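Okay, thanks everyone, let's get going.

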Amino acid sequence: MLRSSFISGYNGYMSTILTYVPALAHTKQHHPENHARLSGLMPALEMFGILEEVTAVVPQLATYDQLRRVHTSGVIDYVRQISGQGGGLLDAGDTYATAESYDLARLAVGGCCTAVDKMMTGEAKNGFALVRPPGHHAESDRVSGFCLFNNIAAAARHAQIVHGVERILILDFDVHHGNGTQDIFYEDDSVMFASLHLYARYFYPGIGGMYEVGTRMGHGYTLNVPFPAGVGDVGYLRAMQEIIMPKARAFQPQLLLISAGFDAHWRDPLAMANLSLKGYGWLTQMLIELADELCNGRILFVLEGGYQLDVLTYGIINVFYSLLGRDEIYDPFGAAPEIEKDISPLLEQLKARYL
Ligand SMILES: [Zn+2]
């Protein structure tokens with residue numbers, strides 16, 4: 001029987017939670033996805049007055065069963081085996097493991113599941129899981145794109161199985177398409193996957209086109225917004241207002257999970273999008289308002305990419321400010337130097353296909 005207590009289980013104690021898994025021992029020299037992305041973050045969160053206002057949640061190691069809800073035993077055992085041998089490359093695309101990576105990747109998954117527990121039991125309203133390694137490229141049966149296990153997918157399944165949540169919206173604003181999350185829920189009508197990403201020739205992972213809409217029961221529950229290079233703040237906000245929000249309102253999710261990547265910023269070294277920190281801030285505020293409207297405020301941000309460390313730090317600070325209900329957005333870098341690309345033709349195509 002599905003539990004429905006989460007619908008009214010809010011006890012009035014509103015707080016923002018933080019799960020922190022910096023995974024210091026999962027790191028590789030000269031690799032963009034290394035421990036420095038999170039290891040220096042805490043002094044900044046303290047300096048900006050965030051640590052004193054949020055509640056830290058101690059992450060738990062995910063169990064084998066929690067991983068098996070979204071991955072095959074083959075890929076779980078493969079990561080465990082390579083890690084057990086001291087680590088090494090897991091694929092041809094520079095996805096790596098160290099001797100500690102299996103346990104740290106389980107901790108990242110477990111941290112997200114624990115955050116879901118806090119929100120579903122009414123102990124917290126919203127939160128941010130600052131975890132590594134990232135997860136959204138990890139497919140059901142293979143690691144991919146620096147991702148070992150799919151943190152956000154496991155958190156969604158945990159919310160469904162343990163807390164009886166029936167409809168979950170996963171919104172992915174990392175600049176790369178969340179191929180792993182799409183793969184895991186492609187035939188599922190209980191988890192809508194919506195992705196805003198760059199879709200260009202030779203740009204990783206090379207899928208996420210508008211014709212990928214889900215299959216079988218999941219037909220219509222995958223929503224891809226494939227931006228051209230040069231998309232900026234206006235393009236992202238228009239896509240949210242004109243495509244994502246109407247689809248979300250029609251779906252009526254009870255929980256909002258966000259794959260938060262900060263690599264769509266114009267200063268990021270890995271991509272060619274032109275979002276600013278202000279644009280990220282507006283996007284975040286829209287998502288929080290959407291959660292207030294549809295999900296009783298329940299929204300969990302889960303860190304994915306973001307490789308320019310100053311942008312990543314300010315991006316995270318801005319998300320926390322929004323979660324805490326503050327209006328300020330820090331943007332010391334300003335708008336992209338180029339005029340952004342107009343995406344009106346793309347939006348018209350998407351409206352014709354999706355709405
Ligand atoms: Zn990315």
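So, to start: which residues in α9 meet which residues in α10? Bear in mind as we look that this is a predicted model. On the α9 side you've got D233, Y236, L237, M240, M245, A248 and R249. Facing them from α10 are K278, G279, W282, L283, M286, L290 and L294. By class, that contact between α9 and α10 has 10 nonpolar residues, 1 polar and 3 charged.

How do the two helices sit against each other? Two packed helices are described by the angle between their axes and the distance between the axes. Here, α9 covers residues 233-251 and α10 covers residues 277-294, and they pack at an angle of about 15 degrees with their axes 10 Å apart. Angles under 35 degrees count as roughly parallel, so that's what we call α9 and α10. The crossing of α9 past α10 is right-handed.

Now another helix pair, α5 and α6. Helix α5 is residues 73-84, and α6 is residues 101-120. At what angle do α5 and α6 pack? It's about 135 degrees, with the axes 8 Å apart. That makes α5 and α6 oblique to each other. From α5, the contact uses V79, R80 and S83, and from α6 it uses S101, Y102 and A105. Sorted by class, the residues where α5 meets α6 are 3 nonpolar, 2 polar and 1 charged.

In soluble globular proteins, nonpolar side chains tend to be buried together. In this model the largest nonpolar core has 111 residues. Which of its residues touch the most other members? They are C112, A155, L256, L257, I258, L300 and V302. The largest share of this core comes from helix α6, with 12 residues.

Leaving out residues up to four places away in sequence, C112 touches T19, A129, V131, N151, I152, A154, A155 and V302.

For contrast, find I161 on helix α7, residues 151-163.

Most residues other than glycine have a negative phi, and most peptide bonds are trans. Where do we find cis bonds here? One runs from R132 to P133, with omega near -15 degrees, and P133 is in the loop between β5 and α7. Another joins Y204 and P205, with omega about -5 degrees. You'll find P205 in the loop between β7 and β8.

Then there are positive phi values. Q252 isn't a glycine, yet its phi is about 55 degrees. It's in the loop between α9 and β9, and Q252 counts as exposed because it has 12 C-beta neighbours inside 10 Å. N296 is another non-glycine residue with a positive phi, near 55 degrees. That one lies in the loop between α10 and β10. With 18 other C-beta atoms within 10 Å, N296 is partly exposed.

Key:
Residues are numbered from 1 along each chain as its sequence is written. This is a predicted model: local features need pLDDT of at least 70, side-chain atom pairs count only at pLDDT 80 or more; totals for chains, interfaces and linings use all residues. Axes are lines fitted to C-alpha atoms, for helices over the stretch in contact, and angles run from 0 to 180 degrees between N-to-C directions. Helices (H or I, at least four residues) and strands (E, at least two) are DSSP runs, numbered from the N terminus. Angles under 35 degrees count as roughly parallel, over 145 as roughly antiparallel, 65 to 115 as roughly perpendicular and the rest as oblique. A crossing is left-handed if the near helix is turned anticlockwise from the far one by less than a right angle, and right-handed if clockwise. Two residues are in contact if their C-beta atoms, placed from the backbone, lie within 7 Å. Ala, Val, Leu, Ile, Met, Phe, Trp, Tyr, Cys and Pro count as nonpolar, Asp, Glu, Lys and Arg as charged, and the others, Gly among them, as polar. A nonpolar core is a set of buried Ala, Val, Leu, Ile, Met, Phe, Trp, Tyr and Cys residues joined through C-beta atoms within 7 Å. A residue is buried if 20 or more other C-beta atoms lie within 10 Å of its own, exposed if 12 or fewer, and partly exposed in between; C-beta atoms are placed from the backbone.
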